Amino acid sequence: AYISRAMIEARMVEAPVVRFEGTAEFNAWPEHLRQAEIHDWCESTLLPLLKALNPEERHCFGEDFGRSGDLTVIAPMVISQQLKRRVPFLVELRNMPFKQQEQVLYYIVDRLPGLQYGALDARGNGQYLAEQAQYEYGAERVEAVMLSQSWYLDAMPRFKSAFEDDGIEIPRDSDVLDDLRALQVIKGIPKLPDAKTGEDKQRHGDAAIALALAYYASFQPVSYTHLRAHETD
């Protein structure tokens, strides 16, 4: 493993991992019903977590995309006054339609105080959501990241250093641990193998990529020219 279990667990704190799995019945509903259902879920589940964020601190986010096989994981990240990167909560979406993934992402990002930057996985079908987020918040603030070998070589050593240097705090969760433990050095490049991860083999290191993207986003230049006004309803 690229990052040891002991090092990962040392950086874990009590923080929620919020999960939603779309059923065949839910996914067959008309768009307006799915939208209403997800809005209610966001209001009841995500809004209390978002309201608890410190409005004086800066925030960024990372997102790893999945539709039917893998998960979509959204990782908000706080950049503290002491420059520690802290993940206040994670959101995992399984088998959720594209439009509702977009709805959840916007709900979260609209309410992140002092939004600095976001980085989204733009591989495959993830390119749709990354592109829409760029339209919504501006390409100066949101980056569509193609996870190439050069990106891994640049970003992953710095991500690992955050664990070594006590520069990051993440939710204490066994699936998140498994995802991070799945990172390996393959032909000299720290990345995920092709094989599925987790006890039920229903993951593919999804939380690890979302966290790495959030950490990457936290070091990008700040632009305030395209900040979308926060929704208040």
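Two strands are taken to pair if DSSP finds at least two bridges between them, and the strands (E, at least two residues) and helices (H or I, at least four residues) named in these legends are DSSP runs numbered from the N terminus. The model shown is predicted, and in it local features need pLDDT of at least 70, side-chain atom pairs count only at pLDDT 80 or more, and totals for chains, interfaces and linings use all residues. Residues are numbered from 1 along each chain as its sequence is written, and side-chain values use heavy atoms, with hydrogens and water left out.

**View A. The hairpin of strands β4 and β5.** Strand β5 (residues 85–86) runs antiparallel to β4 and is joined to it by two bridges, with V78 standing opposite R86 in β5. Five residues lie between the two strands of this hairpin, and L83 in the turn has a positive phi of about 70°.

**View B. Strand β4 and its other partners.** Strand β3 (residues 58–64) pairs with β4 in the antiparallel sense over seven bridges, and in this pairing H59 stands opposite V78 in β4. The pairing of β4 with strand β6 (residues 90–94) is likewise antiparallel, over three bridges, and here I74 stands opposite V91 in β6.

**View C. The two faces of strand β4.** In a regular strand the side chains alternate between the two faces of the sheet. Eight of the eight residues of strand β4 (residues 72–79) are buried, so the strand is largely enclosed by the rest of the structure; buried means under 20% relative accessible area, exposed means over 50%, and partly exposed means in between (1.4 Å probe, protein chains only). Both faces are covered, with T72, I74, P76 and V78 buried on one side and V73, A75, M77 and I79 buried on the other.

**View D. Pairings made by strand β9.** Strand β1 (residues 12–13) and strand β9 (residues 168–171) run parallel and are joined by two bridges, with M12 standing opposite I170 in β9. Strand β5 also pairs with β9 in the parallel sense, over two bridges, and R85 stands opposite I168 in β9.

**View E. Residue E57 in the loop between α3 and β3.** E57 is placed in the loop that lies between α3 and β3, and at a relative accessible area of 18% E57 is buried. When its neighbours within four places in sequence are left aside, E57 is in contact with V78, I79, S80, Q81, R86, P113 and G114, where contact means heavy atoms within 4.5 Å.

**View F. The crossing of helices α3 and α4.** The axes of helix α3 (residues 31–51) and helix α4 (residues 98–110) come within 10 Å and cross at roughly 30°; axes are lines fitted to C-alpha atoms, for helices over the stretch in contact, and angles run from 0 to 180 degrees between N-to-C directions. Helices α3 and α4 are therefore roughly parallel to each other, a term for angles under 35 degrees. The contact is made by E31, R34, Q35, I38, H39, W41, C42, E43, L46, L47 and L50 of α3 and by K99, Q100, Q103, V104, Y107 and I108 of α4.

**View G. Residue E131 in helix α5.** E131 lies in helix α5 (residues 126–137) and, at 35% relative accessibility, counts as partly exposed. E131 and V142 are eleven residues apart in sequence, and their C-alpha atoms are 9.1 Å apart in space.

Methods: Parallel < 35°, antiparallel > 145°, perpendicular 65-115°, else oblique.
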